[in-house]
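Welcome! Please take a moment to look at the chain below, and then we can walk through it together.

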Amino acid sequence: MKFTDGYWQLRPGVSVLRPRVVESVEVEERGFTVYAPTGAINGRGDTLNRPVVTVRFFSPAAGVVGVTIGHHAGGLPREPRFGLHTGTDHPVTVDVTGLTASLTTGGLTVRVRLVDAWQVDFLRGDEVVTSSTERSVGVVTDGQGRAFVHDRLALGVGETIYGLGERFGTYVKNGQVVDVWNADGGTASEQAYKNVPFYLSSAGYGLFVDHPEHVSFEVGSEVVSQTQFSVAGQSLTYHVIDGPTGKDVLRRYTALTGRPARVPAWSYGLWLSTSFTTSYDEKTVTEFIDGMAERDLPLSVFHFDCFWMRQFHWVDFIWDPQTFPDPAGMLRRLHERGLKVCVWINPYIAQRSYLFEEGRQAGYLVRNPDGSVWQWDKWQAGMALVDFTNPDAVAWYAGKLKALLDMGVDCFKTDFGERIPTDVVWHDGADPQRMHNYYSYLYNRAVFELLERERGEGEAVLFARSATAGGQQFPVHWGGDCESTFVAMAESLRGGLSLAASGFGYWSHDIGGFEGTPDPAVFKRWIAFGLLSSHSRLHGSGSYRVPWAYDAEAVDVLRHFTRLKLALMPYLAAVAEQAHTEGLPMMRPMILEFPDDPAVAHLDRQYLLGPDVLVAPVMRADGRVTYYLPAGTWTNLLSGQRLTGPGWVTEEHDFFGVPVLARPGAVLPFGTVSDRPDYPWADGVRLRLYAPTEGQRTRVRVPAPDGGPGAEFEVTYDGQVAGVSLISGESSGYTCEVVKAEGQ
């Protein structure tokens with residue numbers, strides 16, 4: 001939200017209190033609080049009728065500095081709050097002199113000036129990373145009498161900002177106004193399904209605003225030299241998170257808000273859907289699966305979208321008896337073919353569902369202030385919301401899903417959960433503003449924890465659309481409703497890169513797009529992008545996504561890239577383990593791996609799949625693609641062509657080609673199985689060296705599909721010959737080779 005009219009004036013009706021000087025400091029065991037009047041105190045009389053801004057500095061975790069700016073402290077506690085993993089077992093040093101007060105945790109120091117004008121610096125060593133300056137902090141009253149608190153952190157020359165959730169607009173957030181407020185707005189608008197009040201700076205720090213309600217960010221868009229963040233009310237809490245690299249920031253941020261869970265090995269295979277409004281029954285499903293098998297197309301998961309239930313009954317979790325008369329038998333038959341099964345759900349209860357009356361009588365549905373059930377007619381007639389703040393409602397909802405698991409369903413697509421009303425009453429008294437975004441967290445947690453209880457840790461997986469901070473703990477998330485065009489393909493990738501910079505480890509999207517029917521060129525180009533993502537799903541709205549619906553070549557293209565992904569599973573599994581244990585995304589913005597290369601700052605049409613594989617999806621029918629290579633010799637995994645960076649490359653690819661290049665010196669483990677993702681990855685693994693250097697010695701870990709220790713290899717290169725030895729774990733066989741350049 002903008003409060004100023006230009007730099008010097010305020011907007012009509014707006015008044016702002018700012019800390020001018022520090023009157024006193026109170027030192028705590030692990031922090032300190034400063035009291036900053038809004039004007040100079042030259043005598044006792046100046047303390048009368050003088051507001052004071054109270055600012056507390058503390059450290060919730062190593063390398064993280066927390067700041068709380070407060071005005072009036074008499075308000076009632078507001079829930080919910082983000083469940084942060086904080087502690088007091090990390091060293092914190094507080095130092096107060098006559099000139100400054102400082103707090104140091106890890107390599108990060110916050111220093112408050114105690115004389116002259118208000119100034120707060122955040123330092124790494126002696127280097128100032130960012131600052132809150134004289135006009136940064138504001139306690140605002142607008143023309144309607146509403147209160148807000150904001151702070152602003154300085155932007156350095158060339159500093160770029162990323163993240164703030166899955167946002168489909170410009171990848172670099174500088175110059176943007178970003179409202180953290182979940183909405184079902186598709187991928188072609190400024191709205192977002194997944195809003196996260198966290199950004200990552202190219203200067204090597206992160207900023208997390210610890211408020212689940214609406215947070216407004218002005219990223220160099222109100223004051224061009226600063227990023228402003230504001231919330232309604234009388235206080236604002238935020239955390240500055242140290243790097244020094246972007247990967248270090250994400251490690252600390254996800255340690256604070258939660259790391260992504262490990263997902264099952266089978267989930268990395270190809271998912272095929274019924275699509276949304278298409279006409280289908282068990283015969284259709286069987287024909288699809290038979291068609292995939294007949295064409296030698298590896299398939300791992302079959303998904304039933306909304307109309308597995310009766311129309312106007314969403315959700316009642318009852319299979320449509322006319323369309324699926326024998327659901328238990330059908331699920332058994334799908335399992336016999338080696339498939340896992342996913343079904344669509346949402347947290348909304350249509351009035352025609354038998355669950356509506358059950359939930360109404362038991363108090364499990366969100367209510368209006370007068371005690372009646374909140375309803376509207378959008379999406380489903382007379383729709384109500386499950387109240388996930390009520391533990392009994394959570395158990396009731398989970399119990400309905402458990403019946404599906406007992407029947408043979410393996411996982412759920414947790415759709416929707418964004419447009420949550422704010423004029424309602426929650427069972428636990430939660431603040432409706434705070435529940436709007438946070439609802440997505442409670443909804444997905446309820447379903448994910450059920451799957452973990454029933455299937456075990458490491459076997460739970462969702463296909464979720466809505467999220468906020470902490471939601472990364474309940475993977476996987478997909479990009480939502482996009483058009484079936486190259487433009488939508490590009491905006492989807494921007495959303496995925498922004499989400500990756502927001503602490504989410506896994507991400508997917510609808511291959512070919514959702515709305516409309518892609519032409520064959522769009523569909524085939526999107527296949528490569530989809531199979532070179534963490535998770536891969538064929539899904540659409542009103543048209544099928546089986547490849548033979550497009551042309552014969554689409555079948556071959558899908559087989560080609562599906563087999564490539566499955567062969568890469570030893571590598572992808574190790575990357576996924578990093579997502580789980582370190583909070584690093586599988587699909588990485590270039591800035592994470594090459595923070596010192598200024599050319600990568602704005603790159604949003606390419607990414608790294610893990611640390612060692614660069615992918616630049618082709619987004620033109622004619623196959624032309626332009627991408628950037630950082631320094632070194634890169635090798636195309638498909639063609640063997642070697643290219644040397646730094647520099648820009650323009651190429652043309654047929655539908656079986658795409659820029660997918662191994663990093664200089666990379667050692668990529670390839671599996672021997674290419675028809676399923678869940679195989680013993682270390683058995684028979686082929687360790688391939690790409691443009692190695694003499695004397696190179698590399699450790700390569702290949703996990704086990706069941707989450708076990710797997711195997712670790714050491715690969716050496718003496719300038720002529722590559723060698724490999726098994727350091728730990730087990731492998732029934734392994735080989736090592738240096739990949740030759742094209743034509744050698």
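## Surface and overall shape

Accessible areas here come from the Shrake-Rupley method with a 1.4 Å probe, and for residues only the protein chains shown count as cover. On that basis, the accessible surface of the chain is about 26800 Å², and carbon and sulfur atoms hold 48% of it. Of the 744 residues, 61% count as buried; buried means under 20% relative accessible area, exposed over 50%, and partly exposed in between (1.4 Å probe, protein chains only).

This is a predicted model, in which local features need pLDDT of at least 70, side-chain atom pairs count only at pLDDT 80 or more, and totals for chains, interfaces and linings use all residues. Residues are numbered from 1 along each chain as its sequence is written, and side-chain values use heavy atoms, with hydrogens and water left out.

How does the chain fill space? Its C-alpha atoms occupy a box of roughly 90 × 70 × 45 Å along the principal axes. The radius of gyration (taken over C-alpha atoms) is judged by a globule rule of 2.2 Å times the number of residues to the power 0.38. For 744 residues a compact globule would come near 27 Å, and the chain agrees, with 27 Å.

The chain has eleven helices and 41 strands. These are DSSP runs numbered from the N terminus: helices are H or I, at least four residues, and strands are E, at least two. Two strands pair if DSSP finds at least two bridges between them.

Strand β39 (residues 711–717) is joined to β40 by seven bridges, and Glu-712 has Ser-728 in β40 as its bridge partner.

Pro-705 sits in the loop between β38 and β39. Its relative accessibility is 30%, so Pro-705 counts as partly exposed. Not counting residues up to four places away in sequence, Pro-705 touches Ala-265, Tyr-679, Pro-680 and Trp-681, where contact means heavy atoms within 4.5 Å. Pro-705 and Ala-265 are 440 residues apart in sequence, yet 5.7 Å apart in space, C-alpha to C-alpha.

## The nonpolar cores

A nonpolar core is a set of buried Ala, Val, Leu, Ile, Met, Phe, Trp, Tyr and Cys residues joined through side-chain atoms within 4.5 Å. The largest has 195 residues, and Phe-304 and Trp-308 are among those with the most contacts inside it. Helix α6 (residues 432–455) gives the most to this core, with eleven residues.
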